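I opened this notebook to keep a record of what I looked up, in the order in which I looked it up.

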Amino acid sequence: QLRHNARLVPLESVKLSDFDLAILHFDENSLTQEHCNGIIPPDWGALFQYLKSNLNIPMVAICHGTPPFYGQYDFRNEQPDLVPSVIEEERQRMVDFLGDTLVICNSYQAQKEWGFKRSKVIWHGLDPAEYPPSLYQKAIITVGGGMRHRPHYRGYYLFQKVIQ
């Protein structure tokens with residue numbers, strides 16, 4: 001359920017010229033879905049592409065992923081000798097698509113790996129220093145069933161070791 005101050009409307013009913021700024025969210029699949037083993041829908045990234053291509057107002061893009069790499073959706077690890085390597089054509093395609101748009105990355109590593117023309121880092125997540133070390137006497141609660149879909153950077157293999 002949406003908050004009282006939020007609403008979903010058809011794109012056709014939005015007058016784009018009524019806005020001063022656009023915040024565009026994207027991930028490594030927003031220009032291509034071919035490398036996703038059918039995990040994401042075929043229209044993934046369509047709104048991102050449409051707005052980036054059609055808006056004439058200032059924009060900031062928020063990057064929610066790593067550069068696409070071979071095997072990123074291989075949660076069964078069926079390609080054991082696969083060394084995850086960036087799909088360079090797709091990384092460059094996103095960099096070119098965003099051009100001079102300011103991109104916010106969630107880490108310095110992501111900023112370096114993507115190589116956007118204009119980018120800044122805003123860290124998010126938790127600070128391990130705020131949590132005391134565990135005594136390892138009780139069970140572990142985990143949240144994140146989606147980690148299987150992107151095992152390499154969502155920690156699926158580490159998760160498997162921990163629950164063992």
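Predicted model: local features only at pLDDT ≥ 70, side-chain atom pairs only at ≥ 80, totals over all residues.

**Entry 1: what I mean by buried.** I call a residue buried when its relative accessible area is under 20%, exposed when it is over 50%, and partly exposed in between.

**Entry 2: the whole chain.** I looked up the elements and found 5 helices and 4 strands in the protein. Reading from the N terminus, I wrote down their order as β-α-β-α-β-α-β-α-α. Of the 164 residues in the protein, 32% are buried. The protein exposes about 11900 Å², and carbon and sulfur atoms supply 54% of that area. I then took the contacts between residues at least 6 apart in sequence, and I noted that 60% of them join residues at least 24 apart.

**Entry 3: helix α1.** Which residues of α1 are buried? I found Phe48, Leu51 and Lys52. Looking down the axis of α1, I saw that its buried residues fall within an arc of 100 degrees, so they line one face of the helix. These buried residues pack against β1 (22-26), β2 (59-63) and α2 (88-98).

I then followed Phe48, which lies in helix α1 and counts as buried at 5% relative accessibility. Setting aside the neighbours within four places in sequence, I listed the contacts of Phe48 as Leu24, His25, Phe26, Ser30, Leu31, Met94, Phe97 and Leu98. I also looked up the distance from Phe48 to Ala61, which is 13 residues away along the chain, and the C-alpha atoms of the two are separated by 9.3 Å.

Leu47 is also found in helix α1, which covers residues 46-54. Together with Leu11 and Tyr50, Leu47 makes a nonpolar surface patch of about 260 Å².

Entry 4: I looked up Thr32, whose place is in the loop between β1 and α1. Is Thr32 buried or exposed? With 2% relative accessibility, Thr32 counts as buried. Beyond the neighbours within four places in sequence, Thr32 is in contact with Glu90 and Arg93, and I come back to that pair in the next entry.

**Entry 5: salt bridges.** How many salt bridges does the structure hold? I found 3.

I started with Glu88 and Arg91, which form a salt bridge with their closest N and O atoms 2.6 Å apart. Because Glu88 and Arg91 are 3 residues apart in helix α2, they are separated by about one helical turn.

Glu90 forms a salt bridge with Arg93, and the closest N and O atoms are 3.2 Å apart. Both residues lie in helix α2, where they are 3 residues apart, about one turn of the helix. Glu90 counts as buried at 15% relative accessibility, while Arg93 is partly exposed with a relative accessible area of 39%.

I then turned to Lys117 and Asp100, whose side chains meet in a salt bridge at 2.8 Å, N to O. Lys117 lies in the loop between α3 (108-114) and β4 (119-121), and Asp100 lies in the loop between α2 and β3 (102-105), so this pair ties together parts that are 17 residues apart in sequence. I noted that Lys117 is exposed, with a relative accessible area of 62%, and that Asp100 counts as partly exposed at 46%.

**Entry 6: cysteines.** Finally, I checked the burial of both residues: Cys63 counts as buried at 4% relative accessibility, and Cys105 counts as buried at 1%.

Key: Residues numbered from 1 in each chain as written. Heavy atoms only, no water. Patch = residues over 30% accessible without salt bridge, like charges linked within 9 Å, V, L, I, M, F, W, Y side chains within 5 Å. Areas by Shrake-Rupley, 256 points an atom, 1.4 Å probe, with all protein chains shown as cover. Salt bridge = Lys/Arg side-chain N within 4 Å of Asp/Glu carboxyl O. Helix = DSSP H or I, 4+ residues; strand = E, 2+ residues; numbered from the N terminus. Buried < 20%, exposed > 50% of the residue type's maximum accessible area, 1.4 Å probe, protein only. Contact = heavy atoms within 4.5 Å. Arc of directions from axis to C-beta.
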